[in-house]
Amino acid sequence: MKFSNVFYIALLVPLTSWGSYTKLRLVMPNFSPFTYAENGDFKGYGYERVSKILDDMGVSYSVKLVPTYAAAVTEVKSQLADGFFLASKNYERDSFAVFSKPMMINRWSWFVSTAYKNSPKNIGFKENARIGTPFGTNTQRWLEQNGYQVTNRNPDVSDLINNLKLGRIDAIFMAEMVFKEFADGQGLKHTAYQQYVQSSRDFGVYISKKYLAKNKGFMAALNKQIDNLHTIGLQD
């Protein structure tokens with residue numbers, strides 16, 4: 001092969017490689033079992049997947065734990081961070097960040113005390129049920145937009161479950177995996193509540209538009225790596 005041909009082929013390789021992206025500053029809410037810290041180490045299904053994807057991309061990044069989703073959104077909007085995970089889509093977040101391809105499926109569910117003789121399917125539940133949900137989440141936003149009586153907005157899921165056990169609230173609306181993780185940990189019997197699945201939502205990563213403007217091609221590379229992750233069997 002002539003040198004001129006080699007040079008021509010080299011020019012076809014994109015000038016922006018994964019290693020050339022600026023350091024990515026990410027935040028994640030304390031939201032076990034998806035994202036949390038234990039003995040000073042970050043853990044959770046979401047953290048493991050995001051860190052693997054970024055490690056495989058060769059991207060320099062940092063992760064910071066914040067108490068709630070509301071705090072994560074504030075960090076990115078204030079340009080103190082470049083993105084957050086794991087998250088589901090909403091219009092507010094879309095205004096300042098871009099949502100990745102989904103990494104996991106998150107099922108929003110009702111967990112209704114068996115002592116409460118009504119269900120989300122019946123008339124009167126929306127107006128009368130005392131509902132709890134984690135503070136600053138999309139579940140809180142959805143409940144308030146749809147006219148439910150949210151009487152307990154609490155960032156501590158353990159407190160929410162304890163309030164359900166004590167009869168202070170009638171139902172909890174939140175991510176299925178998170179509820180069951182905490183409920184089992186607190187010894188809440190499965191006979192103490194009835195589950196009703198409301199919807200399934202994609203869980204992914206939000207990357208700020210300002211970061212993407214300075215790092216062309218990053219989102220395409222991230223989405224490709226998410227596809228690769230699913231291809232090797234990490235599906236839900």
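Colleague: Which residues does Leu 222 touch, not counting residues up to four places away in sequence?

Modeller: Leu 222 touches Ile 53, Leu 54, Met 57, Ser 100 and Ile 207 on that count, where contact means heavy atoms within 4.5 Å. This is a predicted model, in which local features need pLDDT of at least 70 and side-chain atom pairs count only at pLDDT 80 or more, while totals for chains, interfaces and linings use all residues. Residues are numbered from 1 along each chain as its sequence is written, and side-chain values use heavy atoms, with hydrogens and water left out.

Colleague: Why is Asn 152 called buried?

Modeller: Buried means under 20% relative accessible area (1.4 Å probe, protein chains only), exposed over 50%, and partly exposed in between. Asn 152 has 12% relative accessibility and therefore counts as buried. Asn 152 belongs to strand S9, residues 150–153; strands (E, at least two residues) and helices (H or I, at least four) are DSSP runs, numbered from the N terminus.

Colleague: What makes Asn 118 buried?

Modeller: The relative accessible area of Asn 118 is 18%, so Asn 118 is buried. Asn 118 sits in the loop between strand S7 (104–113) and helix H5 (125–128).

Colleague: What joins the side chains of Asn 118 and Asn 122?

Modeller: A polar contact of 3.2 Å joins them. The term denotes a pair of N or O atoms within 3.5 Å; within protein, one must be able to donate a hydrogen and the other to accept it, and residues adjacent in sequence count only if both atoms are side-chain atoms.
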